Amino acid sequence: MITGKIYVAGIGPGSDSDITPAVCKVLSEADVVVGYKYYFAFVRTMIKKDAKCVDTGMRKERERAEVAFEYAEQGRIVCVVSSGDAGIYGMAPLVWEMKRERNSNVEIEVLPGISAFQKAAALLGAPVGHDFCVISLSDLLTPWEKIERRIEAAAVADFVTAIYNPKSEGRYWQLYRLKEIFLSNRSESTPVGYVRQAGRKEETVVVTTLKDFDPENVDMFTVVLIGNSQSYQWNNRFITPRGYYHDPIAGKYKMGQEIMIRSFQTIASELKHPDIPLDCKWALLHTIHTTADFDMENIFYADAGAIGTIYKALSSGQVKMIVTDVTMAASGIRKGALERLGIEVKCYLNDSRVAEMARQLNITRTQAGIRLAVEEHPEALYVFGNAPTALMELCRLIRHGKANPVGVVGAPVGFVNVRESKYMLKSFIGLPKVIIEGRKGGSNLAATIVNAILCFDDAVQLLPGRDL
């Protein structure tokens, strides 16, 4: 049987200069050129004069492939043109599937082209410098439920994401839903770029943010690119760094601090809601670093400005005492930070007076310890990582005007009176407080929060671990 050959050629996004020499050569030699009629405007001058041109309308992809095989099986050289790269949402998969279906002897060769997202990326700057994915929002051939799962996976995995078929006359809400999903997983300031009619006379290039991105400005001729957590805008360009520049951290800090800095950078890049006040974010990063638990985002609470207010009081010498409910919380506070700021930490649990007071008043030892602490240091920073009864005792003493702490860290852990003790603490308006809500907490968390407060002046540079 005499058979010809089918070339499946990607003709790029729409500019003559973006068509590869290999594709130009095949177009000039092919006996038959098959494609969507709109594409012929970009390649007609390259087609040899006696070539047969077969053009069809939209959604006639299968018909075009059938025509290509009919001519090729007659011994003709056929070029099937596809915009962008023929293997990316193009004709190449369909032609290969049809070859299998027909059990055809026709030879197939795919000629790659510059895809629309590559052209758009070049016009925007360098947005796909790291791992990326491409998603089509067209649900003609793929159920929306599957598309949405892919969107969620891309958003969670921090891929730079290119969006094809973002919107049409009948499909307008899908892009809004995509934006909603990404906003739940990325910062509002994440760069977004979109290019309409890339490489053509009508070309439009826009760089904005995820928050300000307006789906109404997009149509089917537009490619949208959404950055990852490292992407940034500069000089009206959209850049995603690969990491070739010299690491400014390497060798500059002690090993332990360098590891902690890198850990904080990783945690910060994975926060669902990174756009929170710096003081809250600083302490939150410490709690996640200690627990490796991103649920801290949901249960960490701090009054507006509380971290900064407490730090100022301790660093200025206004308050020189930190009181903890148990010795484990005290032992977790970094000694280097205490010495640097001239602060003392005290736990009254093993004070000789505590056991007798607890016995006489029928209260817990931690309650008794807090009563003694308030008598001697009513304005201290009070820290709770274990005993809800001790926190409840402090709340009672505050309400009776016997305690006026500079701040309170409320992170007791357990199942009895734990939530209630935190609700009590939260009711004090004007008292700077940091709380781990719900049942979670612990002495390690309480000490971690204090350590974050004591080095708050390092927060802007995101340089934890100075006192390791």
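The model is predicted, so local features need pLDDT of at least 70 and side-chain atom pairs count only at pLDDT 80 or more, while totals for chains, interfaces and linings use all residues. Residues are numbered from 1 along each chain as its sequence is written, and side-chain values use heavy atoms, with hydrogens and water left out. Helices (H or I, at least four residues) and strands (E, at least two) are DSSP runs, numbered from the N terminus.

**Parallel sheet**

- Five strands make up an open sheet with parallel pairing, in the order β3-β2-β4-β1-β5; two strands count as paired if DSSP finds at least two bridges between them.
- β3 (52-56) and β5 (107-111) are the edge strands, each pairing on one side only.
- From one strand to the next, the twist averages 20°.
- Three bridges link β2 (residues 32-36) to β4 (residues 77-82) in the parallel sense, and Val32 has Val78 as its bridge partner in β4.
- Helix α3 (residues 61-72) lies across β1 (5-10), β2, β3, β4 and β5, at about 175° to β2. Axes are lines fitted to C-alpha atoms, for helices over the stretch in contact (heavy atoms within 4.5 Å), and angles run from 0 to 180 degrees between N-to-C directions.

**Strand β9 and its partners**

- Strand β9 (residues 191-196) is largely enclosed by the rest of the structure, because five of its six residues are buried (under 20% relative accessible area; exposed is over 50% and partly exposed in between, with a 1.4 Å probe and protein chains only).
- β9 and β10 (residues 204-209) run antiparallel and are joined by six bridges; Arg196 has Thr204 as its bridge partner in β10.
- β9 also pairs with β11 (residues 222-226), antiparallel over five bridges, and Val192 stands opposite Ile226 in β11.

**Largest pocket**

- The volume of the largest pocket is about 1,700 Å³. On a 1 Å grid over the protein atoms alone, a pocket is an open set of points with protein on both sides within 12 Å along at least five of seven lines, a cavity is a set where a 1.4 Å probe fits but cannot get out, and lining residues have an atom within 4 Å of a point.
- Grid points are joined across faces, edges and corners, and a volume is the space filled by probe spheres set on the points.
- Of the 47 lining residues, Tyr39, Glu61, Tyr89, Asn165 and Met220 are the closest to the pocket's centre.
- At least two lining residues come from each of α3, β4, α4 (92-102), β7 (132-136), α6 (144-156) and β11.
- The pocket lining has 23 nonpolar, 14 polar and 10 charged residues; Ala, Val, Leu, Ile, Met, Phe, Trp, Tyr, Cys and Pro count as nonpolar, Asp, Glu, Lys and Arg as charged, and the others, Gly among them, as polar.

**Cavity**

- There is one cavity of 30 Å³ or more, and the largest cavity has a volume of about 40 Å³.
- Residues lining the largest cavity include Asp325, Cys347, Tyr348 and Arg365.
- Helix α15 gives the largest share of this lining, five residues.
- By class, the lining of the largest cavity has six nonpolar, three polar and two charged residues.

**Asp458**

- Asp458 lies in the segment after α18 (443-454) and is buried, at a relative accessible area of 12%.
- Not counting residues up to four places away in sequence, Asp458 touches Trp282, Leu463 and Arg466.
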